[in-house]
Amino acid sequence: MTNTAPTTDLDRAVGFTIPARHTRGRVTRLGPALDEILAAHAYPPVIERLLAEALTLAALLGSTLKDAQGQLTLQAQTQGGIVNLLVCDYKNGDLRGYVQFDSLRLSQLGKNPSLFALFNKGHLAVTFDQPATNERYQGIVPLDTASLAEAAQSYFLQSEQIPTVVRLGAQRDKTSGQWVAGGLFLQHLPEGEAGRERLHARMDHPEWEHVEALGMTMGVDELADPAIPLESLVWRLFNEEEEVRILSDSTLANNCRCDGDYITQVLSKFPEEERAEMADENGVITVDCAFCSSKFSIHLSDFVPPAL
């Protein structure tokens, strides 16, 4: 394995396999793209860290999609939780996300509330959309674990019966003060990566126990250190393996994909009377994008009456 990664390694995801261990993996790190997403909102640090980890998870899972137009969506909802909605998605390297929460109740918690304190009785929905094959798959897992990473591990164990390790970490860079987040994703595929059944994967397989033990040693300081190339993280963990294959990498970016024309098309489906109720005294409908906080002003005069 050769190291060709940049000195400062940010906004990138790299895949790898360990053939002798029947393991596939992914490492990622977010920097400027993450800062741009967080900068669109005045989130408190607790919510910033939560969304940073969720976006890192989206990058890890989404970058495994083979369909360039495929989309991975993570949506966490709760019953009576301080965080009532968290949404983020990945599509062809583009990331976006936002959080809705009760700021008053959040202010009454300490600096490091548990996942349960934030979500109460919540669940995480993981949705894979693959237009090329017209397939859509969704799995749901309770948010009853200590961390978002553990919830993701439970999802793969319950939904796909695949032993999985997920490590997520986010911290502010000591020099710039900006958020940096990183993640590690490992899976044991005893029958190979493609084209064969994997339902009999064993959690106690010796191959997997070895990989799992190594993966769990990866800490936040390493994952979120932009000075450590992603390939070097893989090397640190698995340098004693006989072969580690580095796969193609993915570039990550903040791209909300909100569009004024699309919003106009959606509004055009409402009856004229309802659009009039949405508009202000100047005949303007203002639509806010929850993801990037962009505002779109749509004039009632922009809607063309249907032909008689």
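**Figure 1. The six-stranded open sheet has the strand order S7-S6-S3-S4-S5-S11, with mixed pairing.** Strand S7 (135-142) and S11 stand at the edges with a single partner strand each, so one side of each is left without a neighbour in the sheet. Strands (E, at least two residues) and helices (H or I, at least four) are DSSP runs numbered from the N terminus, and two strands pair if DSSP finds at least two bridges between them. Strand S4 (residues 83-91) and S5 are paired in the antiparallel sense over eight bridges. Leu-86 has Val-99 in S5 as its bridge partner. The model shown is predicted: local features need pLDDT of at least 70 and side-chain atom pairs count only at pLDDT 80 or more, whereas totals for chains, interfaces and linings use all residues. Residues are numbered from 1 along each chain as its sequence is written, and side-chain values use heavy atoms, with hydrogens and water left out.

**Figure 2. The five-stranded open sheet has the order S8-S9-S2-S1-S10, with antiparallel pairing.** Its edge strands, strand S8 (164-172) and strand S10 (245-251), each pair on one side only. From one strand to the next, the twist averages 10°. Helix H5 (residues 148-160) packs on the sheet and touches S8 and S9; the direction of H5 makes about 160° with that of S8. Axes are lines fitted to C-alpha atoms, for helices over the stretch in contact, and angles run from 0 to 180 degrees between N-to-C directions. Helix H6 (residues 206-215) lies across S2, S8 and S9 and runs at about 170° to S9. S2 and S9 pair in the antiparallel sense over eight bridges, and the bridge partner of Val-27 in S9 is Leu-184.

**Figure 3. The largest nonpolar core comprises 64 residues.** Such a core is a set of buried Ala, Val, Leu, Ile, Met, Phe, Trp, Tyr and Cys residues joined through side-chain atoms within 4.5 Å. Leu-61, Leu-72, Leu-74, Leu-95 and Phe-119 touch the most other members. H2 gives the most to this core, with twelve residues. Another core, of 18 residues, lies apart from it and has Phe-16, Leu-184, Ile-228 and Val-244 among its members.

**Figure 4. Phe-119 is situated in helix H4 (residues 115-119).** Phe-119 is buried, with a relative accessible area of 1%; buried means under 20%, exposed over 50% and partly exposed in between (1.4 Å probe, protein chains only). Beyond neighbours within four places in sequence, the contacts of Phe-119 include Leu-50, Ala-76, Val-83, Leu-86 and Leu-143, where contact means heavy atoms within 4.5 Å.

**Figure 5. Thr-127 lies in strand S6 (residues 121-130).** The relative accessible area of Thr-127 is 5%, so this residue is buried. The side chains of Thr-127 and Gln-138 are joined by a polar contact of 2.8 Å. A polar contact is a pair of N or O atoms within 3.5 Å; within protein, one must be able to donate a hydrogen and the other to accept it, and residues adjacent in sequence count only if both atoms are side-chain atoms. Not counting residues up to four places away in sequence, Thr-127 touches Gln-71, Leu-72, Thr-73, Arg-136, Tyr-137 and Gln-138.

**Figure 6. Lys-111 is placed in the loop between helix H3 (103-107) and H4.** Lys-111 is exposed, with a relative accessible area of 76%. The C-alpha atoms of Lys-111 and Val-180 are separated by 19 Å, the two residues being 69 apart along the chain.
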